[in-house]
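This report describes a single protein chain. The sequence and the structure are shown first, and the notes on the fold come after them.

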Amino acid sequence: MAASQSLQLSSVNNVEIPVHIIHTEENQIQEPAVDEFDYSQRGQWLRAAVLGANDGLVSVASLMMGVASVKEDIKAVIVAGFAGLVAGACSMAIGEFVSVCTQRDVEIAQMKREKLKGSSKSDENDEKLPNPAQAAAASALAFAIGAVLPLLAAAFIRQPMVRMAVVVTVASVALLVFGVVGALLGRTPVAKSSARVLVGGWMAMGTTFGLTKLIGSNHGMQI
């Protein structure tokens with residue numbers, strides 16, 4: 001009797017409790033894909049290339065602007081610019097090579113210390129060592145590419161004022177391009193990078209032009 005009443009109560013008070021089966025794989029939070037590329041690996045050659053291009057463009061354009069401020073002869077401007085291109089490319093290559101060699105020596109010494117402690121992964125560390133020859137070549141080539149732009153811009157213009165205006169315009173456009181390319185390759189803010197490069201170039205050209213003009217005018221220098 002008791003068993004019968006228990007069964008009846010169970011059937012009357014039967015409550016259907018829905019059971020939700022959680023599918024782990026289906027309900028996983030879909031996180032946005034993360035770019036796993038290590039952009040710091042680009043740092044060495046990107047730094048050398050961007051620095052070389054900017055330095056070549058700004059240095060040679062500023063040098064040409066300085067000479068043009070006291071000398072209207074196009075030959076003097078072009079010769080000064082070409083000398084700046086050759087000297088700058090050699091200087092950038094040598095300086096970059098020495099700098100990266102020093103950095104490489106420091107990292108190798110650190111690897112040896114870690115190896116003695118047994119905490120070094122030699123294969124992985126060897127791959128991350130900077131390449132001095134690569135950095136030097138990239139820096140020199142980039143400098144030459146940047147420096148040749150104002151030279152080409154001024155080579156076929158005879159009027160001094162127009163020549164300077166063209167040099168400034170070409171240099172400004174090129175600086176913007178270098179800033180954008182560097183930002184895209186390094187995945188950094190484009191506007192900030194471009195503005196920084198452009199304003200820096202204007203300051204260098206303006207300072208060189210103004211000081212050279214001042215010195216040349218006050219002392220009556222003849223070039």
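The sections below cover the overall fold, the annotated segments, the nonpolar core, some individual residues and a surface patch.

## Overall fold

The model is predicted. The protein chain contains seven helices and zero strands, and its order along the sequence is α-α-α-α-α-α-α. Among contacts between residues at least 6 apart in sequence, 74% join residues at least 24 apart.

Of the 223 residues in the protein chain, 29% count as buried. The protein chain exposes about 14,800 Å², and carbon and sulfur atoms supply 64% of that area.

## Annotated segments

An unreviewed UniProt entry carries the annotation "transmembrane region" for residues 45–64, 76–94, 135–157, 164–185 and 197–216. These ranges come from the record.

Two of the ranges can be described from the model. Residues 76–94 are 100% helix and 0% strand, with the end C-alpha atoms 27 Å apart. Residues 164–185 are likewise 100% helix and 0% strand, and there the end C-alpha atoms are 31 Å apart.

## The largest nonpolar core

Which residues have the most contacts inside the largest nonpolar core? They are Leu57, Met64, Val167 and Leu175, in a core of 28 residues. At least two residues of this core come from each of helix H2 (43–70), H3, helix H5 (132–155), helix H6 (160–186) and helix H7 (190–219). H2 gives the largest share, nine residues.

Met64 can be followed in more detail. Leaving out residues up to four places away in sequence, Met64 touches Val77, Gly81, Pro150, Leu151, Ala154 and Val167. Val167, one of these partners, is also listed with Met64 among the residues with the most contacts inside the core.

Ala49 is in helix H2. Its contacts, not counting residues up to four places away in sequence, are Ala138 and Ala142. Ala49 and Ala142 are 93 residues apart along the chain, and their C-alpha atoms are separated by 5.3 Å.

Thr208 belongs to helix H7. With a relative accessible area of 26%, Thr208 is partly exposed, because that class lies between the 20% limit for buried and the 50% limit for exposed. Apart from neighbours within four places in sequence, Thr208 is in contact with Ser62 and Gly66.

Ala165 is placed in helix H6 and is partly exposed, at 43% relative accessibility. Ala165 and Ala154 are eleven residues apart along the chain, with C-alpha atoms separated by 9.4 Å. Ala154 is also one of the residues that Met64 touches.

## A nonpolar surface patch

Ile94, Phe97 and Val98 make a nonpolar surface patch of about 290 Å². Ile94 lies in helix H3, which covers residues 74–117. Is Ile94 buried or exposed? Ile94 counts as exposed because its relative accessibility is 57%, and the cut-off for exposed is over 50%.

Ile94 also ends one of the ranges annotated in UniProt, residues 76–94. In the model that range is 100% helix.

Note on methods: Residues are numbered from 1 along each chain as its sequence is written. This is a predicted model: local features need pLDDT of at least 70, side-chain atom pairs count only at pLDDT 80 or more; totals for chains, interfaces and linings use all residues. Side-chain values use heavy atoms; hydrogens and water are left out. UniProt positions are given in the numbering used here, feature names are shortened, and annotations may be inferred rather than shown by experiment. Helices (H or I, at least four residues) and strands (E, at least two) are DSSP runs, numbered from the N terminus. Patches are made of residues with over 30% relative accessible area and no salt bridge: like charges are joined within 9 Å, nonpolar side chains (Val, Leu, Ile, Met, Phe, Trp, Tyr) within 5 Å. Accessible areas come from the Shrake-Rupley method with a 1.4 Å probe; for residues, only the protein chains shown count as cover. A salt bridge is a side-chain nitrogen of Lys or Arg within 4 Å of a carboxyl oxygen of Asp or Glu. Buried means under 20% relative accessible area, exposed over 50%, partly exposed in between (1.4 Å probe, protein chains only). A nonpolar core is a set of buried Ala, Val, Leu, Ile, Met, Phe, Trp, Tyr and Cys residues joined through side-chain atoms within 4.5 Å. Contact means heavy atoms within 4.5 Å.
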